[in-house]
Amino acid sequence: MLQGSDAWQPSADRATLQQRAAMLRQVRDFFYARQVLEVDTPLLARFGVTDPHLSNLTTHLSGSDHAWALQTSPEYAMKRLLAAGSGCIYQLGKAFRDDEQSARHNPEFTLLEWYRVGFTAPQLMAELGQLISLLLDAPAPQSLTYQQAFSRYLQVDPLAPDSHQALQQALANYPEFADLAQRETDVDTLQQLAMACVIEPALDASVPTFITHYPASQAALARLSPSDARVAERFELFYRGLELANGYHELTDAELQQQRFISDQQQREQLGRPPMPADRRLLAALQHGLPDCAGVAVGFDRLVMLRCGQSHIQQVLPFAIDRA
Amino acid sequence: MANYSTNEFKAGLKIMQDGEPCSIIENEMVKPGKGQAFNRVRIRKLISGKVVEKTFKSGDTVEGADVVDVELAFLYSDGEFWHFMNNDTFEQLAADAKAVGDMTKWLVEQNVCVLTLWNGSPIAVTPPNFVELEIVETDPGLKGDTAGTGGKPATLTTGAVVKVPLFVQRGEVIKVDTRSGEYVSRVQK
């Protein structure tokens, strides 16, 4: 951190806070004009997230015999609203993730998440492109599939049956990753290493870049592609070295969702992470019926970083975690 | 020695890598929104002095290195070993040429140095930031040069060669910054 942890002063300067406020307003105007309903779902909820690589912060309520979870994103609650017939909705608010602290992460951060009923992934990507253009004066995004990105920057086909070995060989050329790549047995972990540490830094910084069609094993809550079951209808947006957004053509099948929860639990166990009970209310909502929709979550603080040219997230927060 | 988890990583932590004790210089977490987090660290290998980058999965554990710094006074060299003493306990410790490296030229008797010990044995010697040494050899300089422009080489009692201003003469004691190897000033005898 830049200064002592006893400092009382804000970690962002006043000009940045003014930009931040202007951007909050622009986002709300953007969705108001499109008749997307603003919602504010609970941050403190009965269930947390089962995602193997996310950690909920939990707390206790007096008189309650179980832990309560601060939400890592409003996704589950927003999907319950969608199932109840809310129509298109957005939320602009706080989210909490434990174990995430760096120049680009603060354990408490601001997330913009929205869902468009009847949208496909490309339609939602186009809308996200418009928002980025409005907030950051960015050029129109380019788009690469996950497979194209790996082929272009590592000469590896991530969907080929031998991709594990091919990726190990490709990463052996990078001394800083070679040791880890050689001993890593999980192909998804290798792909995530390659994406985060090799491909992302190599992307053209002058234009926002969508990476689309993630491998089915990294589908998270996206549906699989009807034309190619090896990939999911999941996309991410990168710009100027930052991961800005993650979106899906949403999985609406309750049974598949339950299977993914179970597979998440197995992965959590292998990783030595505490078990998280599946959100029964989300499953019940999916059984009732989630409308066909696409949704995306955007790291709002990172948008402010880009607009203000700041390299550390603490510079765009009134009080970063070490001063909170 | 204890193992450390990546979430304990911070600058200065001593860990084992490639069979060598290392000190972490910088630790950066890389975390995709969905997916495995990684720690990218820059480390200095304490024996070879090399700086390398390594990557770990967040949550992995790494063997710690039993590395401590102790302050000891330099006594003498017998040609093979450099002998140091703890001024409080009078315990003595000998460092070999590999540990002392090219720091021999800054070792002055009675000066307190920092010895880096790995499993109790010296692997590096850090002299005080400033030492005072006598010039045993230098060309006679021109009178009237006080600006210190140009300069000339001077050989010190330890064999170190330092660039000094032209007015500094053989037999004088000078103060030298051991970190840069640069002349600082003359010392009044």
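Buried area is the accessible area that two parts lose on being put together, summed over both. With that in hand, welcome to this predicted model, in which chain A and chain B bury about 2000 Å² between them. Carbon and sulfur atoms give 51% of that area.

**Where the chains meet**
- Chain A brings 28 residues to the contact, and chain B brings 17 residues.
- On the chain A side, the residues that lose the most area to chain B are His53(A), Glu176(A) and Leu180(A), which together make up 22% of what that side buries.

**Charged and polar links**
- Six salt bridges are counted between chain A and chain B.
- In one salt bridge, Asp51(A) pairs with Lys34(B), and their closest N and O atoms are 3.5 Å apart.
- There are also nine residue pairs in polar contact between the two chains, counting residues at pLDDT 80 or more.

- The elements α6 (175-183), α7 (187-202) and β10 (242-249) of chain A each supply at least two residues to the side that touches chain B.
- α6(A) gives the most to this side, with six residues.
- By type, the residues on this side of chain A are ten nonpolar, seven polar and eleven charged.

**Cysteines**
- Cys293(A) is buried, at 0% relative accessible area, while Cys308(A) is partly exposed, at 23% relative accessibility.

Definitions and conventions:
Residues are numbered from 1 along each chain as its sequence is written. Chains are lettered from A and ligands numbered from 1 in the order in which they are written. This is a predicted model: local features need pLDDT of at least 70, side-chain atom pairs count only at pLDDT 80 or more; totals for chains, interfaces and linings use all residues. Side-chain values use heavy atoms; hydrogens and water are left out. Buried means under 20% relative accessible area, exposed over 50%, partly exposed in between (1.4 Å probe, protein chains only). Contact means heavy atoms within 4.5 Å. Buried area is the accessible area (1.4 Å probe) that two parts lose on being put together, summed over both. A salt bridge is a side-chain nitrogen of Lys or Arg within 4 Å of a carboxyl oxygen of Asp or Glu. A polar contact is a pair of N or O atoms within 3.5 Å; within protein, one must be able to donate a hydrogen and the other to accept it, and residues adjacent in sequence count only if both atoms are side-chain atoms. Helices (H or I, at least four residues) and strands (E, at least two) are DSSP runs, numbered from the N terminus. Ala, Val, Leu, Ile, Met, Phe, Trp, Tyr, Cys and Pro count as nonpolar, Asp, Glu, Lys and Arg as charged, and the others, Gly among them, as polar.
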